[in-house]
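Here is a short report on one protein model.

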Amino acid sequence: MAAAPAATSSVGSYPSIYIKGSLTPRSKILSMKFNSHNHLRGFSGLKATTSGSCESKSSFLGKESTAALKNVFEPKIEKLNQISQSRLNPQASYKVAILGAAGGIGQPLSLLVKMSPLVSALHLYDMANVKGVAADLSHCNTPSQVLGFTGTSELADSLKGVDVVVIPAGVPRKPGMTRDDLFNTNANIVKTLVEAVADNCPNAFIHIISNPVNSTVPIAAEVLKQKGVYDPKKLFGVTTLDVVRANTFVAWRKNLRLIDVDVPVVGGHAGITILPLLSKTKPSVTFTDQEIEELTVRIQNAGTEVVEAKAGAGSATLSMAYAAARFVESSLRALDGDGDVYECSFVQSDLTELPFFASRVKLGPKGIEAVISSDLQGLTEYETKALEALKPELKASIDKGVEFAQRQAVLA
């Protein structure tokens, strides 16, 4: 994406500095300037590249003081410039496959991923209607080449050489349905697609969106184990939408700037298994007991809120696509060497007695580098009780997925 024009601005702890004193009309100043070029650094909009320069002019401070100031600031400016060049000028070099690209989530997700400066090739797969989506997106003037693949005969080709696979395929919820009601249909879809991933790009990051995530991620893990290619560091249940909603609702409720708000969400991705840790909100903010209850319930039931509002015409497709695109961008940044990438995700975990659990993780080039355990320390009484209450339901969903995959393996 095109960079915005440079502008002098304050950056981190190094603001633009104009050292002033009792200047005569003819006096000049020493100025330290930092130029900001705004690039797309992720869908959260929190990153920006920076460069700096030090202009030495005649100053009322005198030559010795001016030289001393330059010695202090020039190394810092040089360090910022090095970071700008090495980390923040992305190259389009990664291949992403979206399986279920013609669907309600798949189409907007494909558009958002097409916008990423890190993607060189975007492979769109579905059972029908995907060639038109690919043709449409291919007209967008961003670097990635878009290719469409239709039907099981083209599934393998869609996955060749892919770095990140995103699976939104499946049937959406309708009014009155829970995510678990989707199990029978979506479980088979996920099983089939993950088998193809195992055969064609076993080292790829795998992002599972298809509901119920609490069960489909364990299904994917079992399939990969059966194929002998399971890497728990590269399998993710995409729970980013729960974080996006938590951030949005908290910012609205407490009149905060959205860009500043970060609420970790742990547990799972359905109903009471979704646990926003409001006590860990950044920036630190105080909630009343009523606010905690209302915000928690709304975050847990936000998907149902959208399903009912659409009145049978679909589920939360647009916000899910946005959240999934954010997680894709985070994965690409991690693959590209960014050492400061954290997201919440439903992954294999030892934070609790459950084999899978959603929490913040640190991402790196090889997948999960660390599961952040500190979020579960120092919980409030409300959060501690809610955590214990969600475990039986989450365990049942995990077991259901594992049993399905193992039963299918026996039948095969």
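Predicted model: local features only at pLDDT ≥ 70, side-chain atom pairs only at ≥ 80, totals over all residues.

Residues are numbered from 1 along each chain as its sequence is written, and side-chain values use heavy atoms, with hydrogens and water left out.

The axes of α5 and α6 come within 9 Å and cross at roughly 35°. Axes are lines fitted to C-alpha atoms, for helices over the stretch in contact, and angles run from 0 to 180 degrees between N-to-C directions. Contact means heavy atoms within 4.5 Å. These residues make it:

| Helix | Residues in the contact |
|---|---|
| α5 (residues 183–200) | Phe183, Ala187, Val190, Lys191, Val194, Glu195, Ala198, Asp199 |
| α6 (residues 213–227) | Ser215, Thr216, Ile219, Ala220, Val223, Leu224, Lys227 |

## Helix α10

Helix α10 covers residues 317–335. Its 19 residues reach 26 Å from first C-alpha to last, close to the expected 27 Å (1.5 Å times one less than the number of residues). Of these 19 residues, 16 are buried, meaning under 20% relative accessible area with a 1.4 Å probe, protein chains only. Just after α10, Gly337 takes a positive phi of about 100°.

## The whole protein

The protein has eleven helices and 15 strands. Both are DSSP runs, numbered from the N terminus: helices are H or I, at least four residues, and strands are E, at least two. Buried residues make up 50% of the 412 residues.
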